[in-house]
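Biologist: I am new to this structure. Please pick one part and take me through it closely, then carry on to its surroundings.

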Amino acid sequence: MRFFKKYKKLIAFAVCGVSTFLVSFVSYWLFSTVIFSGILNGGILTIASNTVAEILAITFAFITNKLFVFESKSFRFLVLISEAGSFALARAGTSLLNTGLMWLFVDILSLKEYELLVKVLVNAIIVVLNFVLSEFLVFRKKHVHHFARILLNEGVEYYACIPLSKCKITKPYLLFKNGFDKDANVIVMLFPYRTKTKAENLTAYASVKDYHAYVEGLSRKLEEYVLRKYPTAQFKVFSDHSPIDEVHAACVSGLGFMGDNGLLINEKYSSFVFVGECITSLTPKQLGLVYADEEEWRTCLHCGKCKESCPSSCIQTDEDGKDASNKRICLSAITQKKGELSEEEKELIIKYGSIWGCDVCQNVCPYTKNAKYTPIKFFIDSAIDVLDNKTLTGMSSEEFNSRPFAWRGYETISRNVQIWEEARAKKQAGQASEAETGTQSEQAEVQNTTEASENE
Ligand code: SF4
Ligand code: SF4
């Protein structure tokens, strides 16, 4: 099933290819032996039968590729004409290339004795070319709805629409306050945030600016478009302070699944994603969307890696296998605690070198191995590689307030920076004295050797 989902497009393309060949073959036989045989003969019969067979095969290939392989959903007349025209041209072009390549290899390069092998290779090239042309030229998503285009332009490639009735409502008063009823729809969105900048002492989400500012910018663009087009519609973007359970909504809409580490895991970005959603009185169709496929793409492997590596051993399951994690002792929660920390807590910060958050259970997860970095400029441009005393004290209040750790106040993050700085200074001093001892013993050894050789 997983294999099928992963290679769905290629499998569908192969099935359509074989079916197209059958259509061409059967129709040629039908026209040459039954339909045209009484009225045409000789070369004319062959050319006419083959031409009709090719037209039928290309038409069949176009319809099946559009519907089942490239899933182009638009049936507007202009879109159909444009797709059908470019598909026919592309296929005519690759047919000509097919003939040209055969002539080149067999006649010009004198590979007649390998003719069949050449035919197989040339056909393989043509099949690949047909796929590439269809994917990037014929069925390219030129007609993406403006709403989706805004999301894509802002780096949101994972979004899905579900009815509100499928969501777990956690703050009903927020729905009421914003005038939504039970028939509203939800567009769940994922915002990947991990950048290539690996912060020395910060987790991925703390090394970039607070995502709420990004969501605000995105909301403005979406609301401006939607309310201009549908002035009486209800439309609001939420993130974090939301009327629904966002992670549950992301799972229900097929954008990811819940891992044993308690995080939403997405196929491309693993768990390094924030979740947000638009709630609206509009239908999916009005926004150029369709309801999401509920099927989950994968599930947690239950490999236990997150549990084994957790610094605080706080990922737990009860006897029935239900989540019984103790979030209070999670290192991430410890770094966010106000006031004085216990020696044990300070030790954890020092040992794992993180002054805000903890990425251990995310980094060890097998789904993170090939996870991609964010394409979102807001995060890429704001990533910092270390938060030491110098960087922290050098921040303007505006810069400080734009950071995810600002909400706990300056004292909390500053305390953590001091703990980390002191540990770093001790480590550096230890390394320096080790190096000093090493140099002294090396010098003593050299001196001893020199004296010994002088005595000799
Ligand atoms: S964030 Fe760190 S401490 Fe918290 S559950 Fe994950 S691994 Fe454990
Ligand atoms: S590390 Fe393993 S058990 Fe934990 S969330 Fe990832 S796949 Fe699931």
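Modeller: Begin with Lys351. This lysine is exposed, because its relative accessible area is 62%, over the 50% cut-off. Lys351 lies in helix α12, which covers residues 343-352. Now look along the chain to Tyr373. Lys351 and Tyr373 are 22 residues apart in sequence, and 26 Å separates their C-alpha atoms. Keep in mind that this is a predicted model.

Most residues other than glycine have a negative phi. His302 is not a glycine, yet its phi is positive, about 50°. His302 is found in the loop between β6 and α10, the latter being residues 305-309. His302 counts as exposed, because its relative accessibility is 55% and the cut-off is over 50%. Ser313 also has a positive phi of about 50° and is not a glycine. Its loop runs between α10 and α11, and α11 spans 331-335. Ser313 is partly exposed, because its relative accessible area of 46% falls between 20% and 50%.

Now the ligands. Ligand 1 is surrounded by Cys310, Pro311, Ser312, Cys314, Ile315, Cys330, Leu331, Cys358, Val360 and Cys361. By class, that shell has nine nonpolar residues, one polar and no charged. The space that ligand 1 takes is the second largest pocket.

Ligand 2 sits in the largest cavity. It has 13 residues around it, and those that come nearest are Asp260, Cys300, Cys303, Cys306 and Cys365. The shell of ligand 2 divides into seven nonpolar, four polar and two charged residues.

Finish with helix α8, residues 211-229. This helix has 19 residues. From first C-alpha to last, α8 reaches 27 Å, close to the 27 Å expected at 1.5 Å a residue. Its buried residues are Tyr211, Tyr214, Val215, Gly217, Leu218, Ser219, Leu222, Tyr225 and Val226. How do such positions relate along a helix? An α-helix has 3.6 residues a turn, so residues three or four places apart point the same way. Tyr211, Tyr214, Leu218, Leu222 and Tyr225 are among the buried ones. What covers the buried residues of α8? The cover includes two helices, α6 (146-153) and α14 (377-382). The strands β2 (185-192), β3 (235-238) and β6 (273-280) also belong to that cover.

Conventions: Residues numbered from 1 in each chain as written. Chains lettered and ligands numbered in written order. Predicted model: local features only at pLDDT ≥ 70, side-chain atom pairs only at ≥ 80, totals over all residues. Heavy atoms only, no water. Helix = DSSP H or I, 4+ residues; strand = E, 2+ residues; numbered from the N terminus. Expected span 1.5 Å × (residues − 1). Buried < 20%, exposed > 50% of the residue type's maximum accessible area, 1.4 Å probe, protein only. Contact = heavy atoms within 4.5 Å. Near = heavy atom within 4 Å. 1 Å grid on protein atoms, 1.4 Å probe; cavity = no way out; pocket = protein on both sides within 12 Å on 5 of 7 lines; lining within 4 Å. Sits in = over half its atoms within 2 Å of the grid points. Nonpolar A, V, L, I, M, F, W, Y, C, P; charged D, E, K, R; others polar.
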